[in-house]
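Please look through the sequence and the model below before reading on. The report then takes the structure part by part.

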Amino acid sequence: MSSLRARLFAILLLATGLIWLSAVAWIYLGSKREVEQVLDTRLQEAARMVGSLVGRVGNVGAAGAPVAFAPPGGYERQLSCQIWSLDGRMVARSSGAPERRLTDAPAGFSEREVDGETWRVFTVEDAEKGVRVMVGDRLGLRERLVADLIMGLVTPALLVVPLLGMLLWASLGRGLRPLRLMARDLARRDADDMSAIDAGRAPAEVRPLTDALNALFLKVEAARRHEREVTAFAAHELRTPLAGLKTQAQVAMAARDPDVAKAALGQILAAVDRTTRLVRQLLDAARLDAEADGPTVTEIDVGALVTETVESMRAPDGIVTVIDPALRGFTMRGDPESLRLAVRNLHENAVQHMRTGTVEWGRRQDGAGFYARDEGPGIPEEEIALVTTRFYRGRHRSDAGSGLGLTIAEAASRRSGARLRLRNRTDRSGLQAEIVWT
Amino acid sequence: MRILVVEDDPILSDGLRVGLSLCGATVDCVATCADADAALGTSPFAAVVLDLMLPDGSGLDVLRGLRRRGDRTPVVLLTARDAVADRIAGLDGGADDYLGKPFDLDELSARIRAVVRRAAGRATASLEHGGIRLDLGSLTVTVDGAQIPVSRREFMVLAALMERPSVLRSKAELEDRLYGWQEEIESNAVEVHVHNLRAKIGKHAIETVRGLGYRMRAPA
């Protein structure tokens, strides 16, 4: 059931109904026992009374014409009385009493079916007078008495049920008001209103819900802020090189001095190279994000992959690349494409942060991974955790950087089942970037 | 007109330095908020071109700091974020104008001239004194309707003097407006420019107050 109110209403009504029903059953059984006792006592009294009234057999009426008399008792025709002589002759019977003998029991209580009805009979035997007095009533009548009693109880109750229902419904509505108010507040909210719900007003039962909602709001807000920041950074990283290109182009066109024009054209070429790289990185990052199917994990010759990747990249003057022979034949399981991407971006990152120096690729001592070591400025310790954030560019930014290289290297390492670990060199300035399988 | 460019992208920064120089300005470039604050604290600039996203913070902070110090140097913001809300935040932060990247160099230079003009309380893009007229947009000088060819530096000296024709401009002040930090200044550079100007626009147009500086001579 989708409505809490309807659900509670049904449950309450059912529970009330059940309690009522059991109460009725109890009253029914109790009353029945009570009524039986009272009526049995009445039978006994009536039988004894009739017995004391009867004289000797001979005195009672003429033979064959039993005397009819009104039986004692409050209800008309409820009790029937028969007087039999001990030798089996009917001496008298009350009006409306059946002509057949009510019981064969010599004395005490007995039950018997006479003329299709069950009778409960009490018999008193008077040996002195030679009579047996039987007083009986119909069980059906007793049942009706109890049924009437129960009906008298149930009828008003049934009339009250709609009233009770209305009262329950209204009370539930009032009881659930805090929930309704909260729902109304939530419904009225703007789509981008992520402020917390006032949990102080909410009842204790709803508190876990409001707490969960508030936590969710916080998370959504954080995600949206992150999204906004990434968009802003992306816009900056994309538009700034374009602005540079356009400005340099306009300078080249406007300059009368051929040297100035030439310098501007040189800058345009550099800007195009940078933008090309930025676009490639954006596409790489997007591909790593969107890669739906899992990585193709195979055995990779890491040494061969690093050598091949690094050699395919044009090294600027002044930069030397050294590949440790220990990397040769070093194999690991991973996704070759992703690993190539990681190596490429780490190498680019290393080269960008040095004017001259050596990039060294080597194998970790414990054989759990490999590393690239540069001789650049390294990363300020407090920025190490941040540099893999998309578009984050620290204080030691390179001119050509986009803030994507380390992000890509990290994501690509993950796809190969490895982790990217960055730490500053301790032997000299520089960064050591490791790809480690854990 | 000396302009401070605060932009961390080296190619764009270089383009602005060369491009705005071609439009007749002296340009100094810095790449961080800290350097921008330092530069603004030490040298007078006619205008600031400010990028919003800088490596050590937001350009808006530089702008707010500038205005808090009571500095009213006109500021043109450059940014990749050109949503309306960002523009409002920039202008409310004390910026005089706003350009989204990528922009047109000529437009940027026109906007800089406009904010400088507004800051100086002028309505037109030209300066006039006596029969001399300077067009700040096309960098041309006319005397009694005839165009006189002048060099970029000469134009800048003349513009500095004609902004407030009756006010004395010291040699150091003129040097500050003419030369960026990296430029070598010959000790007699200003004298040479004034001498050349006198030869072109008239011997008595510029008055020398010995030991104090230069000003335009009041028209007869």
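## How to read the model

This is a predicted model, in which local features need pLDDT of at least 70, side-chain atom pairs count only at pLDDT 80 or more, and totals for chains, interfaces and linings use all residues. Residues are numbered from 1 along each chain as its sequence is written, chains are lettered from A and ligands numbered from 1 in the order in which they are written, and side-chain values use heavy atoms, with hydrogens and water left out.

The size of an interface is often given as the accessible area lost when the parts come together. Here chain A and chain B bury about 2,100 Å² between them. Carbon and sulfur atoms hold 65% of that area. Buried area is the accessible area (1.4 Å probe) that two parts lose on being put together, summed over both. Chain A brings 23 residues to the contact, and chain B brings 24 residues. Contact means heavy atoms within 4.5 Å.

One salt bridge is counted between chain A and chain B. A salt bridge is a side-chain nitrogen of Lys or Arg within 4 Å of a carboxyl oxygen of Asp or Glu. A:R274 and B:D9 form this kind of pair, with their closest N and O atoms 2.8 Å apart. Ten residue pairs are in polar contact across the interface of chain A and chain B, both residues being at pLDDT 80 or more. A polar contact is a pair of N or O atoms within 3.5 Å; within protein, one must be able to donate a hydrogen and the other to accept it, and residues adjacent in sequence count only if both atoms are side-chain atoms.

## The side of chain A

On the side of chain A that touches chain B, the elements giving two or more residues are α4 (207-254) and α5 (258-290) of chain A. α4(A) gives the most, with 15 residues. Helices (H or I, at least four residues) and strands (E, at least two) are DSSP runs, numbered from the N terminus.

By class, this side of chain A has eleven nonpolar, seven polar and five charged residues. Ala, Val, Leu, Ile, Met, Phe, Trp, Tyr, Cys and Pro count as nonpolar, Asp, Glu, Lys and Arg as charged, and the others, Gly among them, as polar.

## Salt bridges in chain A

Over all chains, the whole structure has 38 salt bridges. One of them joins the side chains of A:D40 and A:R120, at 2.7 Å from N to O. A:D40 lies in helix α1 (residues 4-53) of chain A and A:R120 in strand β4 (residues 117-126) of chain A, so the pair ties together parts that are 80 residues apart in sequence. Both A:D40 and A:R120 are buried. Buried means under 20% relative accessible area, exposed over 50%, partly exposed in between (1.4 Å probe, protein chains only).

A:R142 pairs with A:D137 in a salt bridge, with the closest N and O atoms 3.5 Å apart. A:R142 is buried at a relative accessible area of 5%. A:D137 is buried too, at 3%. A network of salt bridges links A:D40, A:E111, A:R120, A:D137 and A:R142.

## Strands and a helix in chain B

Strand β1 (residues 2-6) of chain B pairs with β2(B) in the parallel sense, over five bridges. Two strands pair if DSSP finds at least two bridges between them. B:R2 has B:T26 of β2(B) as its bridge partner. Four of the five residues of strand β2 (residues 26-30) of chain B are buried, so this strand is largely enclosed by the rest of the structure.

In helix α3 (residues 59-68) of chain B, the buried residues include B:L60, B:L63 and B:L66. Their cover includes α2 (33-42), β3 (47-51) and α4 (84-92) of chain B. At the start of α3(B), a side-chain oxygen of B:S58 comes within 3.0 Å of the backbone nitrogen of B:L60. Just after α3(B), B:G70 has a positive phi of about 80°.

## Backbone details in chain B loops

The peptide bond from B:K101 to B:P102 is cis, with omega near -10°. B:P102 sits in the loop between β7 (97-100) and α5 (105-120) of chain B.

B:L139 is not a glycine, yet has a positive phi of about 55°. B:L139 is partly exposed, with a relative accessible area of 26%. B:D144 also has a positive phi, near 50°. B:D144 is found in the loop between β10 and β11 (146-148) of chain B, and counts as exposed at 66% relative accessibility.
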